[in-house]
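Here's a quick tour of a protein model for someone new to reading structures. Have a look at it first, and then go through the notes below.

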Amino acid sequence: MPSASVNGISIAYSDSGGDGPAVVLSHGYLMDSSMFEPQVAALAPEYRVISWDERGFGGTRATGPFSYWDSASDVLGLLDHLGIDKAVLGGMSQGGFLSLRAALLAPERVRALVLIDSQAGREVASNVPAYEQLEQTWMEHGPAPVQDLVAAIILGAADGPVDYAPWFAKWAASDRDELRLAFRCLMDRDDITDRLGEISCPTLILHGTADAAIAMERAEAVHAGLGGPAMLVQVEGGSHAANLSHPDQVNVALLEFLRSVP
């Protein structure tokens with residue numbers, strides 16, 4: 001993957017090229033840019049699709065503590081590096097967190113948003129102790145003791161359509177110090193629900209009905225709070241990574257939406 005020097009870090013990214021409208025895809029926690037392979041394949045004939053590894057994942061290192069506001073600045077800096085003035089920003093889970101913040105930081109750079117299994121608030125308080133325990137176990141013993149549970153939360157059931165094995169291999173090779181930084185970013189994020197009304201660009205919200213990490217009501221709250229035209233599409237049976245577990249449903253809705261964006 002090529003890399004871009006942005007905000008003092010080196011960001012790994014992929015770019016399908018072409019002269020179509022730009023679509024930038026930002027991955028979820030514990031994932032990397034490869035999670036969007038089904039979307040790149042579907043979109044690249046019409047769109048220039050950029051996917052990138054966020055701080056602490058894939059080929060992009062986290063050099064110190066950071067927030068999703070920093071990640072939002074990263075994606076805007078990547079646009080600068082690529083010479084792209086304006087793009088559709090799409091993100092799954094934490095990729096949606098940073099995309100919403102990018103739309104707040106630089107609304108003139110964002111043609112539209114695509115939010116996949118994401119939300120605008122902080123973690124549900126009752127979930128925090130369990131997530132903290134999972135992270136502590138991972139830090140002390142590596143991912144093996146908890147990887148099946150983590151994969152089920154993100155990817156859906158083990159007998160479902162997503163193969164756990166490639167992600168287990170990536171998690172086994174991951175740097176625990178960087179994961180610690182990324183985890184703190186995830187758990188310590190601020191709540192931007194009361195700022196959703198400032199976002200006026202068209203938005204597509206895709207949310208799996210079987211999302212085990214973020215409840216549908218969180219997607220509905222984003223849909224209700226946004227200041228611009230927004231559409232909520234429920235992905236029937238979709239996991240937290242609905243774009244991986246149900247790519248056909250996601251891609252059909254995604255292409256229809258992108259073709260409607262001015």
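This is a predicted model: local features need pLDDT of at least 70, side-chain atom pairs count only at pLDDT 80 or more; totals for chains, interfaces and linings use all residues.

Residues are numbered from 1 along each chain as its sequence is written, and side-chain values use heavy atoms, with hydrogens and water left out.

**Empty spaces**

- Rolling a probe the size of a water molecule over the atoms shows where empty space is left.
- On a 1 Å grid over the protein atoms alone, a cavity is a set of points where a 1.4 Å probe fits but cannot get out; a pocket is an open set with protein on both sides within 12 Å along at least five of seven lines; and lining residues have an atom within 4 Å of a point.
- Grid points are joined across faces, edges and corners, and a volume is the space filled by probe spheres set on the points.
- Searching the whole structure turns up 3 cavities of 30 Å³ or more, and the largest cavity has a volume of about 400 Å³.
- The lining of that largest cavity is made of 24 residues, with Tyr29, Leu30, Tyr131, Ile154 and Leu186 nearest its centre.
- Helix H4 (128–141), helix H5 (147–155) and helix H7 (176–187) are the elements that give two or more residues to this lining; helices (H or I, at least four residues) and strands (E, at least two) are DSSP runs, numbered from the N terminus.
- The largest share of the largest cavity's lining, 5 residues, comes from H4.
- By class, the lining of the largest cavity has 17 nonpolar, 4 polar and 3 charged residues (Ala, Val, Leu, Ile, Met, Phe, Trp, Tyr, Cys and Pro count as nonpolar, Asp, Glu, Lys and Arg as charged, and the others, Gly among them, as polar).
- The largest pocket holds about 250 Å³ of space, and Gly56, Phe57, Gly58, Lys170 and Ser174 lie nearest its centre among 16 lining residues.
- H6 (165–172) and H7 each supply at least two residues of the largest pocket's lining, and H6 gives the most, with 3 residues.
- The largest pocket's lining splits into 6 nonpolar, 5 polar and 5 charged residues.

**Aromatic rings**

- A search of the whole structure finds 6 aromatic pairs; rings of Phe, Tyr and Trp (its six-membered ring) pair if their centres lie within 6.5 Å, and planes under 30 degrees apart count as stacked, over 60 as edge-to-face and the rest as tilted.
- What kind of pair do the rings of Tyr29 and Phe57 make? Their centres are 5.6 Å apart and their planes are at 85°, so the pair is edge-to-face.
- Tyr29 sits in the loop between strand S3 (22–26) and helix H1 (37–43), and Phe57 in the loop between strand S4 (48–52) and helix H2 (68–82), so the pair ties together parts 28 residues apart in sequence.
- Tyr29 counts as buried at 16% relative accessibility (buried means under 20% relative accessible area, exposed over 50%, partly exposed in between, with a 1.4 Å probe and protein chains only), and Phe57 is buried too, at 6%.
- Tyr29 also pairs with Phe183: the ring centres are 6.4 Å apart and the planes are at 50°, so this pair is tilted.
- Elsewhere, ring pairs link Trp138, Tyr164, Phe168 and Trp171 into a cluster.

**Strands**

- S1 (residues 3–6) has a covered face, Ala4 and Val6, and an uncovered one, Ser3 and Ser5.
- S1 and S2 (residues 9–15) run antiparallel and are joined by 4 bridges; two strands pair if DSSP finds at least two bridges between them.
- S3 and S4 pair in the parallel sense over 5 bridges, with Ala22 opposite Arg48 in S4.
- In S3, 5 of its 5 residues are buried.

**Two backbone angles**

- Asn7 is not a glycine, yet has a positive phi of about 55°; Asn7 lies in the loop between S1 and S2.
- Ser93 has a positive phi near 55° as well, and is buried, with a relative accessible area of 8%.
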